[in-house]
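Good morning, colleagues. Please look first at the sequence and the model.

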Amino acid sequence: TLVRFLLFYSMFLIMYGLTFNELGKATFAHLQPLFLPILGLTYGAYLARYKGGALDVVYRNAPLLGIVLSVAIIIYYVLYKVGSIPYFGASSLIFIPFIWALMERKWLFLFLFTVVLMLTGKRSTLLALLIVTVFYLYSWLGLFRFLSLCLVGFGLGSFFAWQYEGAISILHRFDLLFDALNKDTFSLAEMDAATSGRIFDVLAAYESISENSFYWLWGKGVGATFSYDTGSYIWTTNYTHFTPLPYVFLGGLS
């Protein structure tokens with residue numbers, strides 16, 4: 001029922017967008033956020049119902065996947081540091097073996113995959129897996145042992161940061177975020193730079209939707225764009241990174 005609704009509503013948003021928005025790159029870019037949940041739900045339901053063994057194969061081979069991804073990401077990071085690759089942001093598929101290591105309590109693997117995850121530069125994935133890990137450890141250890149583990153982890157982390165000044169600087173994106181949060185006065189511009197433009201694009205998308213209450217109900221449709229001032233140039237885009245706002249921008253709260 002959910003998939004059928006998403007298909008129907010996606011068709012409506014495509015027709016709505018083609019009527020009121022220009023046909024361009026944004027039109028085709030919006031097809032991914034529209035159909036990705038549909039494909040995920042459909043394929044996931046198909047695997048669960050008819051091909052449960054496929055999920056077992058993925059789980060059994062998670063350690064191998066983790067090693068292959070770790071080697072690839074380490075090579076990527078080294079190439080980035082020497083200037084051969086200009087963009088810092090590798091694949092975050094490492095979350096699959098990370099979850100395997102956590103569930104199987106393979107602590108050495110978990111440590112390795114955590115380090116590799118930081119080398120990807122994917123802050124949202126790191127935060128999401130940190131939250132999952134916190135809940136898992138709490139349910140497994142209980143309150144007292146969980147708090148004790150947090151205290152030890154905080155102590156070791158503080159000691160490491162104090163002994164090795166600038167150790168965090170090897171992680172470019174995390175370093176920027178740490179500096180922005182560590183200032184005496186909060187700067188929206190510094191937080192935007194530390195989050196790779198995530199702050200201003202969220203505010204700009206919100207302002208674009210707020211132009212008319214109709215947009216909050218039905219969105220702006222496929223192909224819609226919005227612009228904001230980065231400080232040095234005007235940036236026009238079709239997507240904001242703070243879910244569910246991009247879906248509200250596309251299809252409204254309805």
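Helices (H or I, at least four residues) and strands (E, at least two) are DSSP runs, numbered from the N terminus. The model is a predicted one, in which local features need pLDDT of at least 70 and side-chain atom pairs count only at pLDDT 80 or more, while totals for chains, interfaces and linings use all residues. Residues are numbered from 1 along each chain as its sequence is written, and side-chain values use heavy atoms, with hydrogens and water left out.

I begin with the chain as a whole. There are 14 helices and two strands in the protein chain. Along the principal axes, its C-alpha atoms fill a box of roughly 60 × 55 × 45 Å. For accessibility, buried means under 20% relative accessible area, exposed over 50%, and partly exposed in between, with a 1.4 Å probe and protein chains only. By that rule, 31% of the 254 residues count as buried.

I turn now to helix packing. Two packed helices are described by the angle between their axes and the distance between the axes. Here the axes are lines fitted to C-alpha atoms, for helices over the stretch in contact, and angles run from 0 to 180 degrees between N-to-C directions. Angles under 35 degrees count as roughly parallel, over 145 as roughly antiparallel, 65 to 115 as roughly perpendicular and the rest as oblique. A crossing is left-handed if the near helix is turned anticlockwise from the far one by less than a right angle, and right-handed if clockwise.

Helix H1, residues 2-20, packs with H3 at an angle of about 165°, and their axes are 10 Å apart. H1 and H3 are therefore roughly antiparallel to each other, and their crossing is left-handed. For H6, residues 95-104, and H8, the axes come within 11 Å and cross at roughly 15°. H6 and H8 are therefore roughly parallel, and H6 passes H8 in a right-handed crossing.

Two residues of H8 deserve a word. Arginine 123 lies in this helix, which spans residues 123-141. Is arginine 123 buried or exposed? It is buried, because its relative accessible area is 16%. Its C-alpha is 20 Å from that of tryptophan 100, at a sequence separation of 23 residues. Threonine 125 also lies in H8, and it counts as buried because its relative accessibility is 15%. Between threonine 125 and phenylalanine 95, 30 residues apart in sequence, the C-alpha distance is 7.6 Å.

Next, the loops. Arginine 105 sits between H6 and helix H7 (107-120). Its phi is near 60°, a positive value in a residue other than glycine. At 37% relative accessibility, arginine 105 counts as partly exposed.

Glycine 231 is in the loop between strand E1 (226-229) and E2. With a relative accessible area of 70%, glycine 231 is exposed.

The loop between E2 and helix H14 (245-251) holds proline 244. Which two residues does a cis peptide bond join? They are threonine 243 and proline 244, with omega at about 15°. Histidine 241 belongs to the loop between E2 and H14 as well, and counts as partly exposed because its relative accessibility is 39%.

On a 1 Å grid over the protein atoms alone, a cavity is a set of points where a 1.4 Å probe fits but cannot get out, whereas a pocket is an open set with protein on both sides within 12 Å along at least five of seven lines; lining residues have an atom within 4 Å of a point. Grid points are joined across faces, edges and corners, and a volume is the space filled by probe spheres set on the points.

The second largest pocket has a volume of about 410 Å³. It is lined by 17 residues, and those closest to its centre are Gln32, Pro33, Asn238, Tyr239 and His241. Helix H3 (31-50) and strand E2 (234-237) are the elements that give two or more residues to this lining. H3 gives the most, with four residues.
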